[in-house]
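Could you walk me through this structure in my viewer? I would like to know what to select at each stop and what I will find there.

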Amino acid sequence: MTDAAPRGWVPVEHRFLGLDRRTFAPALSVLVIALLLLCGLPALNTAIPWHNEIRAGDVLDLGDGATAVPPVGWQLESGTLAGAGSVSPAALQVQLATGGATITLRGTSFTGTADAFLDQVLRSEGDTPGVDGSRGTVTTAAGLVGVSLAGTSPNGDALDVAFKMTTASGEAEAAPALLVRVRTAPGQFERRQDTVGTFLRSITPGAVR
C-alpha cells in the first residue's frame, strides 16, 4: 500500500528555499505587470511631450463669440481654438500649461455679479490653498471688469479672476460667468506676471444676446 502525499506537499525537485519553483513564473509575470502599471506608464506619459503648442496668431474660443489670446509657447492641454469647433460658454473648460505654471478657464451659467460668482466658487470649495489675499479688479482691453483674488502659500502662488462675459449695461447679471485660475510653483508668479496680465487683458466677450 502506497501512502498518499500530504495536501500541499511539494516534491524535492520543485523546491527552492522551501517554496514551489513552479509558482515563480506566474508570480513574476504578475509582478512585472504591476510594476509597469505603477511606474512604467506614468514615466512614459511624462517622457512624451505635449504637441499642442500655442503659436502666434492662435485664439481661444470661449463660446458665443468670446475669445482670448493664449500665451505663445504654452501647451493647450484642453480647450478649443477659434475656428476648430463650437463651444458652449456655460460648459467651457480650458487648460494651458508651461513649466511650473497653469492657467485654467471654467465657464458656467450664473445670475449675479462677478463678485458674487467668486464668492460662490470659494464657498463651494472651502478654503482654497494659496488664495487668501485682498480682492482687486482686472480690466480687459475690451472693457470687461473682473474681480481678482491672489495669494501665496508653501505650495505655490495663486490668482483667481471672475468675470461676467458682457460689457453691455444691464446684461451683466444674466451673462455667462468665467473663472480664470492661475497657479504657479513657489516664487514663479512674478516671472509669469506679465504673461498672465497680457492674457487676462486679451479676454473679449461675445455678442450680447
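Start by selecting residues 135-139 and 145-153 in this predicted model. These are strands β8 and β9, which pair in the antiparallel sense over five bridges. For one of those pairings, pick G136 and look across to β9, where its bridge partner is S148. Now move to the turn of this hairpin: five residues lie between the strands, and G143 takes a positive phi near 100 degrees.

Seven strands make an open sheet with antiparallel pairing, in the order β5-β6-β7-β11-β10-β9-β8. The edges are β5 (75-78) and β8, each of which pairs on one side only. From one strand to the next, the twist averages 20 degrees.

Within that sheet, select β7 and β11. They pair in the antiparallel sense over eight bridges, and T108 has A177 of β11 as its bridge partner.

Finally, turn to the nonpolar cores. Show L62, F163, V180 and I203 as side chains: they have the most contacts inside the largest core, a set of 28 residues. Elements that each supply at least two residues of this core include β3 (60-63), β10 (156-164) and α3 (189-201). The largest share, four residues, comes from α3. For a last stop, select A114, V121, A177 and L179, which are among the 11 residues of a second, separate core.

Key. Residues are numbered from 1 along each chain as its sequence is written. This is a predicted model: local features need pLDDT of at least 70, side-chain atom pairs count only at pLDDT 80 or more; totals for chains, interfaces and linings use all residues. Side-chain values use heavy atoms; hydrogens and water are left out. Two strands pair if DSSP finds at least two bridges between them. A nonpolar core is a set of buried Ala, Val, Leu, Ile, Met, Phe, Trp, Tyr and Cys residues joined through side-chain atoms within 4.5 Å. Buried means under 20% relative accessible area, exposed over 50%, partly exposed in between (1.4 Å probe, protein chains only). Axes are lines fitted to C-alpha atoms, for helices over the stretch in contact, and angles run from 0 to 180 degrees between N-to-C directions.
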